[in-house]
Amino acid sequence: MKNELKNYVLVGIIVLVVALGMGCGTSTYTIEGYDEAIFFPIVKGMYGEGGSLDWLVYPMAWLMYFIAFFVANKNFALTILIATVLIRSIAWPIYGKTNDMTVKMQLLAPEQAKIQARYANKTDKESQQRMSMEMMQLYKKYKVSFAGCLMPFIQMPIFLAFYETLRRIPYSSVNFFNTYGNVLLDKKGNSMPPIDTSKFIINVDELNTNLLGIDLMSKAGSEWNWQRWGVYIIAALVAITQIGTQLLSQHRTNKQKKEMTSDIPEYRKPAQSDQQKQTETMMKVMLYTMPVMMVIFIIGSPAALGWYWLVGNLYTAIQSLISYKLSAKKMEKLREKYSNENKHYNWG
């Protein structure tokens, strides 16, 4: 019971960190005559005024400006699609490094199982130390570094920059500020210097923001019209593709793991450790917690965020399929490489 409680607490902390990461780093303002908070627009010469994420937002905004006006014919949906594919393709090597570590972990699984089986009933300190030493030798042999587990987090600043840029773009509108005025008030009611709308990096009024009748710059709204239905449909598709991609990835991983340990008798396969059970529980909770969080964010944000996540999930599914096929070939090469070493390796 204590272990389960610990798992839920840890998952809660992870979710909180992600939520804070998505919500912090930005200054929000109000404007007289407009009921909602305003994210600082992306304006030339106003770097640093929008919050601590400006150093990520402005390069992303320039990239989206180039795509929108020189590639996508000012179509905002197409701009997001191209930018998402481009950025995630650039970040692919990070994904590849993580996938390489997964392949190596699957390769060493049979030898790891033998070590764990040999020390399964030995709880004395000396035996546990010997097992740890043999495990360290095994990881060293296969060049497995647990620093590789941190590789996915390197992508976080990139995704946060995209997320933050999409939140600010709707307010980079000349028409908006012409309607409500160009003086923003901070949380203390102090006024900012007037916004020079002629210096917007991206003026959304020049973009086609329509996607199948859904305005990507607008939220779901309170009325049950097509805008609201459209945002809800996008949110549902994001949740489905998120869960589906993760389930498919887990299925492939489990399949490869079974294939790698197929030559080990069942009685020699060690039972799951408490740590492995905790990890599995965390993964299951995160499997459904993250999509729920994403749906909540999408419904409360401009529809562009949902479109971005939907494109990202579909790209991840394709990326996962390609990586799965490549990892099978890589595994065969690595298996051949280490086969001769295994014949002569002494496990004590």
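**Helix packing around α3**

Guide: The axes of helix α2 (residues 54-70) and helix α3 (residues 76-90) come within 9 Å of each other and cross at roughly 125°. That angle makes α2 oblique to α3, and the crossing in which α2 passes α3 is right-handed. On the α2 side the contact is made by Met-60, Leu-63, Met-64, Ile-67 and Ala-68. On the α3 side it is made by Phe-76, Thr-79, Ile-80, Ile-82, Ala-83, Leu-86 and Ile-87. Of the residues in this contact of α2 with α3, 11 are nonpolar, 1 is polar and none is charged. The model is a predicted one.

The loop between α2 and α3 contains Asn-73 and Lys-74. Most residues other than glycine have a negative phi. Asn-73, although not a glycine, has a positive phi of about 55°. Phi of Lys-74, also a residue other than glycine, is positive and near 65°. In accessibility, Asn-73 is exposed, with a relative accessible area of 68%, whereas Lys-74 counts as partly exposed at 34%.

A further partner of α3 is helix α7 (residues 156-168): the two axes come within 11 Å and cross at roughly 170°. An angle over 145 degrees counts as roughly antiparallel, and α3 and α7 are therefore roughly antiparallel to each other. From α3, the contact takes in Phe-76, Ile-80, Ala-83, Thr-84, Ile-87 and Arg-88. From α7, the residues are Ile-158, Phe-159, Phe-162 and Leu-166. This contact of α3 with α7 divides into 8 nonpolar residues, 1 polar and 1 charged.

Helices α2 and α7 also pack against each other, at an angle of about 70° with their axes 8 Å apart. They are therefore roughly perpendicular to each other. Here Asp-54, Leu-56, Val-57, Tyr-58, Met-60, Ala-61 and Met-64 in α2 meet residues of α7. Those in α7 are Pro-157, Ile-158, Ala-161, Phe-162, Glu-164, Thr-165, Leu-166 and Arg-168. The contact of α2 with α7 has 11 nonpolar, 1 polar and 3 charged residues.

Phe-162 deserves a separate word. Leaving aside neighbours within four places in sequence, Phe-162 is in contact with Met-60, Met-64, Ile-80, Ala-83, Thr-84, Ile-87 and Tyr-308. In soluble globular proteins, nonpolar side chains tend to be buried together. The largest nonpolar core of this chain has 59 residues, and Phe-162 is among those with the most contacts inside it, along with Phe-76, Ile-80 and Leu-184. A second, separate core has 6 residues, including Tyr-119, Met-131, Met-135 and Leu-138.

The C-alpha atoms of Leu-212 and Ala-77 are separated by 10.0 Å, although the two are 135 residues apart along the chain. Leu-212 is exposed, with a relative accessible area of 73%.

Buried residues make up 43% of its 348 residues. Of the contacts in the chain with a separation of 6 or more, 75% are between residues 24 or more positions apart.

How values were computed
Residues numbered from 1 in each chain as written. Predicted model: local features only at pLDDT ≥ 70, side-chain atom pairs only at ≥ 80, totals over all residues. Heavy atoms only, no water. Axes fitted to C-alpha atoms, helices over the stretch in contact; angles between N-to-C directions. Helix = DSSP H or I, 4+ residues; strand = E, 2+ residues; numbered from the N terminus. Parallel < 35°, antiparallel > 145°, perpendicular 65-115°, else oblique. Left-handed = near helix turned anticlockwise from the far one by under 90°. Contact = heavy atoms within 4.5 Å. Nonpolar A, V, L, I, M, F, W, Y, C, P; charged D, E, K, R; others polar. Core = buried A, V, L, I, M, F, W, Y, C linked by side-chain atoms within 4.5 Å. Buried < 20%, exposed > 50% of the residue type's maximum accessible area, 1.4 Å probe, protein only.
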